[in-house]
Amino acid sequence: MKKVFGMLLIAAVFSACGGGSKSGSSDSSATAATTDTSAMAASASRTIDTTQAGGKLIAKNDCLTCHKVDTKVIGPAYADVAKKYTASDAVVDTLANKIIKGGKGNWGEVAMTPHAALSMDDAKTIVKYILTLKK
Ligand code: HEC
C-alpha cells in the first residue's frame, strides 16, 4: 500500500518534471516538484505547538530528544504515532502508561525510557495532543 503510493508519487514526479532528479528519495523529489506538494512541504517541518497543554508538556520534558513531529529520530515521528492509533479512551490509557513506564516492541527494538515523574493526567494530555498530529 505504502510502496504502491510511493511508486505512484515517484512516477507522478518524474512525468511532471521530465525525470530530472535521481535523488531516490520520494520526499525530496516531492518537494522539488512545484505542484500540489505545498501541504507536504509545509507539514514536513511542523514543530510542537507549545500553546497547547500537551505541547507544552512535551517541550518541558525530554521527549524532543527522541521525537519530532514529522521525522523519526530515536523514537517514531509523532505524525506516525497518530497515524497508527485511533484515539479512544483505551488507546490514550495504553499510550500514557507506555510513556510513564517506557518500553519497546511497537516500533522496533529500541526502548523508550520511562517517565515516572509524569502524572497519568499529564501523560494523557500529551497523548491526546500527539494523536492530533496526524498528517
Ligand atoms: C530515549 C529516547 C526517548 C525519549 C526521551 C522519549 N521517547 Fe517516546 N519513544 C521512544 C522509542 C524508541 C519509542 C518506540 C517504542 C516501541 O518500539 O514500542 C517511543 C514511542 C513513543 C510513543 C508510541 C508508543 C507506542 O507504543 O506506540 C509515544 C506516544 C511516545 N514515545 C511519546 C513520548 C513522550 C510524550 C515523551 C516525553 C515524555 C517521550 N516519548 C520520550 C524513545 C523516546
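**Reading the iron site**

Modeller: Leaving aside neighbours within four places in sequence, His 67 is in contact (heavy atoms within 4.5 Å) with Val 73, Gly 75, Pro 76, Tyr 78 and Met 112. This is a predicted model, in which local features need pLDDT of at least 70 and side-chain atom pairs count only at pLDDT 80 or more, while totals for chains, interfaces and linings use all residues. Residues are numbered from 1 along each chain as its sequence is written, and side-chain values use heavy atoms, with hydrogens and water left out.

Colleague: Which residues coordinate the iron atom of the ligand?

Modeller: Donors are N, O and S atoms within 2.8 Å of the metal (3.2 Å for Na, K and Ca), and water is not among the atoms, so sites may look incomplete. Here His 67, through NE2, and Met 112, through SD, coordinate the iron atom of the ligand at 2.0 to 2.1 Å. The two lie 45 residues apart, His 67 in the loop between α5 (63-66) and α6 (78-84) and Met 112 in the loop between α7 (89-101) and α8 (120-130), where helices are DSSP runs of H or I with at least four residues, numbered from the N terminus.

Colleague: Is His 67 buried or exposed?

Modeller: Buried means under 20% relative accessible area, exposed over 50%, and partly exposed in between, with a 1.4 Å probe and protein chains only. His 67 counts as buried because its relative accessibility is 10%, whereas Met 112, with a relative accessible area of 25%, is partly exposed. Again leaving aside neighbours within four places in sequence, Met 112 is in contact with His 67, Lys 98, Ile 99, Gly 102 and Gly 103.
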